[in-house]
Structures are given as C-alpha cells and as structure tokens.
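Dear colleague,

Please find the structure below, together with its sequence. My notes on it follow, and I would be grateful if you would read them with the model open.

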Amino acid sequence: MKQFQTYEEVERAIDDLVETEIIQGRFMRTLLDGKFTEEQIKEFALQYSYYSRNFPRTLGAAVMAVLPEDDWWVPIADNLWDEGGRGNPDKYHSKLYWTFLVSAAPDVPTNEKYVPDWPVSPVVVGAIDTLINFLKVATPLEAMAAIGLGSEFFAGKVMGLIAKGLEHPNYNKTRKLDVRFWSVHADEHEPRHYQLCKDVLIRHTDPRDLEIMYRAGSYIARSEARMYDGLYERMMAIGVA
C-alpha cells in the first residue's frame, strides 16, 4: 500500500490511477480517435443511461454513511439536489441525459421517466452495486472519500473528454449528438461537488486516514474503470468499426 504524508499526494495517486485505467483505457482512446461506429455510440448511450439514472441512489447511500453533521452530509445532499435540477423539473438530470440519449438512439422508445426499452449490461449494474454495497458498510471517512476521490475528483475531466469524443465528426454523420449532459457536468457541476467533499477530507491529515481515503477512492475509481472497459467490450461485440 502506498504511504502518504499529505492529501495532495493522495490526489496525485488517484489522478495517476485514473489516467492509466480510464483516460488511457480502451474505451476512451477509441472514443477520442473516432473509431466507434454510430451503432456502438448508440449502445454506449443506452447503457450509460442506467448508470446516470441510478447515480442519485449512490448519493443517498452516502448521506446515510457519513456523520449526521451539516458539514458532512450537506456536500453530498448538494450533489443530489443538482441531480434533481435544484427543484426545477426541466433541469432534472434524468431529463438532461435523455436529450443525449434520444440524439444517439432515436429509434429506441423511452417511457415517461426517460427509461429506454433496452436490456441493461451487467457491467453498469455492477458499477452502481459496487458503490452502494461499499457505502452500506463504509465508515464516514470512507464514504466521503468514495464519493469525493472515487468519483467527483475526476468526473469533470472524464466527462469533458467524453463530450469531446462524442463531438467527433465520425459520430455525427447522420445525426447531431446533443452533448450538453456531458459538458455541463464537466464545466459546472463536478468541480463544485468535489470541492465540497474535499473541504471535509482535507481536514484528515493523519497518514492512516490518508491511506484509508486512498483505499476507498481507488476502489471505487477502479470499479468505474472496469465499467468503461466492459462497455468497450460490449460495444465492440456489436461490430468492429
């Protein structure tokens, strides 16, 4: 296990992990190079729909796991409030994601809750279940690190790259993909969400706490990396670009 003396060292270690396992992973490299087909992008949109609409459940689990003190639960509740459009139904993230989904998979029907009529891959179910199951038994510090370092710390960067990749001309030949869901998260939401978590995490300076935070954050980050890699394999099974 890595030995840490500062919180910044933990951040750098998570950043290195994300760079190696997500950003340089097969999914992201292929996406950015424009080497998927439109059918494969459609499959990605349909599968990620499950992850997106279930993410609020993970935040609810995190609220239950942290301390019942305002500075612990409010940062996570603020994230959850964003998922709910901060009270504006027109800005629900489920609806925002739907704008991307229908641009990528216009032939797949969705119900009134924006859920597509499409089979869900075990890899996206597994990513959500991994996070929720972890939070069920996590200490407050582990829970905050799982959401902060294991998700929000790098979410803006990853979602920004996905937005960039989806704008590749190869994916927009027969229809124009609506990437607002991805760009809004990258530019506005995720940096604030992480900072609110960091304000709590950075108070814990004991090397043992730093190790706990890294262990929790890296566990969840690797789960997300496995999801993207599993999605790559599912997408490629549809047909090689």
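Predicted model: local features only at pLDDT ≥ 70, side-chain atom pairs only at ≥ 80, totals over all residues.

Residues are numbered from 1 along each chain as its sequence is written, and side-chain values use heavy atoms, with hydrogens and water left out.

Helix α3

Helices are DSSP runs of H or I with at least four residues, and strands are runs of E with at least two, numbered from the N terminus. Helix α3 comprises 28 residues, 38-65. The expected span of a helix is 1.5 Å times one less than its number of residues. For α3 this gives 40 Å, and the end C-alpha atoms are 40 Å apart, which agrees.

Of the 28 residues in α3, 21 are buried, so the helix is largely enclosed by the rest of the structure. Buried means under 20% relative accessible area, exposed means over 50%, and partly exposed lies in between (1.4 Å probe, protein chains only).

Cavities

The structure holds four cavities of 30 Å³ or more. A cavity is a set of points, on a 1 Å grid over the protein atoms alone, where a 1.4 Å probe fits but cannot get out; lining residues have an atom within 4 Å of a point. Grid points are joined across faces, edges and corners, and a volume is the space filled by probe spheres set on the points.

The largest cavity contains about 200 Å³ of space. It is lined by 18 residues, of which Y48, Y51, F55, M159 and E190 are the closest to its centre. Two or more lining residues come from each of α3, α4 (70-83), α7 (140-166), α8 (180-201) and α9 (207-238). Helix α7 gives the most, with six residues. The lining divides into nine nonpolar, five polar and four charged residues. Here Ala, Val, Leu, Ile, Met, Phe, Trp, Tyr, Cys and Pro count as nonpolar, Asp, Glu, Lys and Arg as charged, and the others, Gly among them, as polar.

Salt bridges

The whole structure has 18 salt bridges, each a side-chain nitrogen of Lys or Arg within 4 Å of a carboxyl oxygen of Asp or Glu. One of them joins K42 and E39 (4.0 Å, N to O). These two residues are three apart in α3, and are therefore separated by about one helical turn. K42 counts as buried at 8% relative accessibility, whereas E39 is partly exposed at 46%.

Another links R86 to D82, with the closest N and O atoms 2.8 Å apart. D82 is buried at 4% relative accessibility, and R86 is partly exposed at 40%. Both belong to a network of salt bridges that links D78, D82, R86 and R192.

Positive phi angles

Most residues other than glycine have a negative phi. R86, in the loop between α4 and α5 (93-104), has a positive phi near 50°. Y114, in the loop between α5 and α6 (122-137), has a positive phi of about 70°. Y114 is partly exposed, with a relative accessible area of 22%.

With kind regards

Notes. 1 Å grid on protein atoms, 1.4 Å probe; cavity = no way out; pocket = protein on both sides within 12 Å on 5 of 7 lines; lining within 4 Å.
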